[in-house]
Amino acid sequence: MSKIMTVDILSSIKGAQPSEAVNKLFDVIKNANLNNSNAFNKNHNNAVSLNDLREDVVINSSAIEKEIIIENFPKEKNDYLVVSKVIEE
Amino acid sequence: MESQIHKIHQQLMAKEFTCTKLVQDRLDLLKSNTYNSVNSLLDKIALELATKVDAKIESGQEIGLLEGIPFGIKDVYMVQGTYTTASSDLLKNYKSAYTATAIQKLLDAGAIPLVKENCDSFGHGSSSENTIFGAVKNAINSDLVSGGSSGGSAVNVAKDYTVFSIGGDTGGSIRQPAGYNKVFGLKPTYGKISRFGLMAYASSTDCVGPIAKSIEDIRIVLNVMSGKDIKDLTTYQSEKISEESILNIDEIKTIGYFKNFIESDAIDAQVKADFLASIEKIKGKGIEVKELDFFESDTLVSTYYTLAMAETASNLSRLDGTNYGARIEGDNLKNTYSITRSENFSDESKRRIVGGNQVLSQGFSDEIYLKGLNLRDQISNNFEKDFKEVDIILSPVTPNTPPKIGESLNNPLAMYLSDAYTVGFSLGKLPTLTIPKGTGTGLQISAAKNNDALVLQFANFLNDLI
């Protein structure tokens, strides 16, 4: 199953290559000193309280919203929205 | 207090001009402008709304403070039925199906949207040159960049085409163009304003904020847009900031600045001298000023870009031409995805998507992405420590004055490094305002999280002092 995926495949961008400018930024991170590794996760307190979760209900889009969503769809044929041919690998 | 909104409100009520004339005049200015600040005009809806305001005034009814006030919207916000392109080829024909919460609140208050404003594509840039609508020119010197990514919004405010504009700030995208075009721009505390309907760049630092010509106008617009929104669970309930509360600075005894920002080799000599002169004026008013230690600029910039690229790679993966976006058909689904994305994303957006996928991939995530998260925590801890010692942190907005148009696109690393003074406050989720005084590109005022009122208070003091 193990398969090496290059960045062009991961990014779905033909011929994509890592850039020199961006690699320079990453080098700074690689070489940075972490003087307090216990800090990790301390500030990740953005969890939402169960009381704040919104109701699990289906909200129907308005007619105008539905119309615009269909208008935005790239391809339509005989009232069906068309996607590209899916291939199995 | 100086306020363009109050002034126009009074003029409308006194029937010095009609709302229709006000809106039409501004639309004409936007249409004929040569700064490339406009992606699309919302003339039909704007004039319809103006007619309603005029009818209300004519019948002797009171109008709200924002009713009839013309404003601009960075072209990354959903406004139902309008083109929302993110200045990209991929979405150049995309129409919003719904309206962003922040914008809806302004519409509910009666403000009139005039324009979807030019910006860097998907917020990817610091110069507003990464756009299919042409580089946005600086309002003061049109040979220079407007800054970015909310460049069109800052220019429209600076040129009085809009009374205020709504920008988006992920790593400095409101504060830096505000500084480059000499207007006020606020990045509020993360979560103060709902991001629902803002096209996501880096969700953990994306902020909605106003650009305007006065602190009072920033306060008015901030109050209208703030508040908890069930559609963005990072939002919180916040108190409205009153005009009286920002009039005196009794609470501010001590401010600080980052020594290494000012002692850096990268800072322009004039920016440094002007900054230090501003500090002396503040000291002269009896406020204590402390020098603070902070992370090196390259660490801040690298941490920010590592995390922002990882998040944008994930957020933009949905743009594949299948559900929406300008699809370019390949011989199968995978090829359709990759041709669509290769042809329709700009070089800068591709650079960031590829960078993001690099750091998120196996083997790299530990030594780059997770380490970046760890550094972010250390930066936040540093701010917490600092705000136990000082009430406000003051810094220049940028190390240098705006570059010429054409220089930034050829040197992405230099562009990333130009964000050195803004990205830290984004990572810390702090409220930070650009005031167009004190250095050639202004000063940044930051306070602890949720302390947006203190930022406005100090800005008001500084505005009178400098």
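Among contacts in chain B between residues at least 6 apart in sequence, what percentage join residues at least 24 apart? In this predicted model, the figure is 74%. Let's walk through the fold behind that number.

Start with the overall dimensions. Along the principal axes, the C-alpha atoms of chain B fill a box of roughly 70 × 70 × 45 Å. A compact globule of 466 residues would have a radius of gyration near 23 Å, and chain B, at 21 Å, agrees with that. Of the 466 residues in chain B, 61% are buried.

Next, the secondary structure: chain B has 16 helices and 11 strands. If you follow the strands across the structure, you will find 11 of them forming an open sheet in chain B, with mixed pairing and the order 1-3-2-4-6-5-10-11-9-7-8. Strand 1 (38-41) and strand 8 (288-292) of chain B stand at the edges; each has a single partner strand, so one side of each is left without a neighbour in the sheet. From one strand to the next, the twist averages 25 degrees.

Now for two of the helices. Helix 7 (residues 215-225) of chain B lies across strand 4 (164-169), strand 5 (184-187) and strand 6 (207-212), and runs at about 150 degrees to strand 6 of chain B. Helix 9 (residues 269-284) of chain B lies across strand 7 (254-258), strand 8, strand 9 (392-396) and strand 11 (443-446), running at about 140 degrees to strand 8 of chain B.

Terms used: Residues numbered from 1 in each chain as written. Chains lettered and ligands numbered in written order. Predicted model: local features only at pLDDT ≥ 70, side-chain atom pairs only at ≥ 80, totals over all residues. Helix = DSSP H or I, 4+ residues; strand = E, 2+ residues; numbered from the N terminus. Rg over C-alpha atoms; globule rule 2.2 N^0.38 Å. Buried ≥ 20, exposed ≤ 12 C-beta atoms within 10 Å, placed from the backbone. Contact = placed C-beta atoms within 7 Å. Pairing = 2+ DSSP bridges. Axes fitted to C-alpha atoms, helices over the stretch in contact; angles between N-to-C directions.
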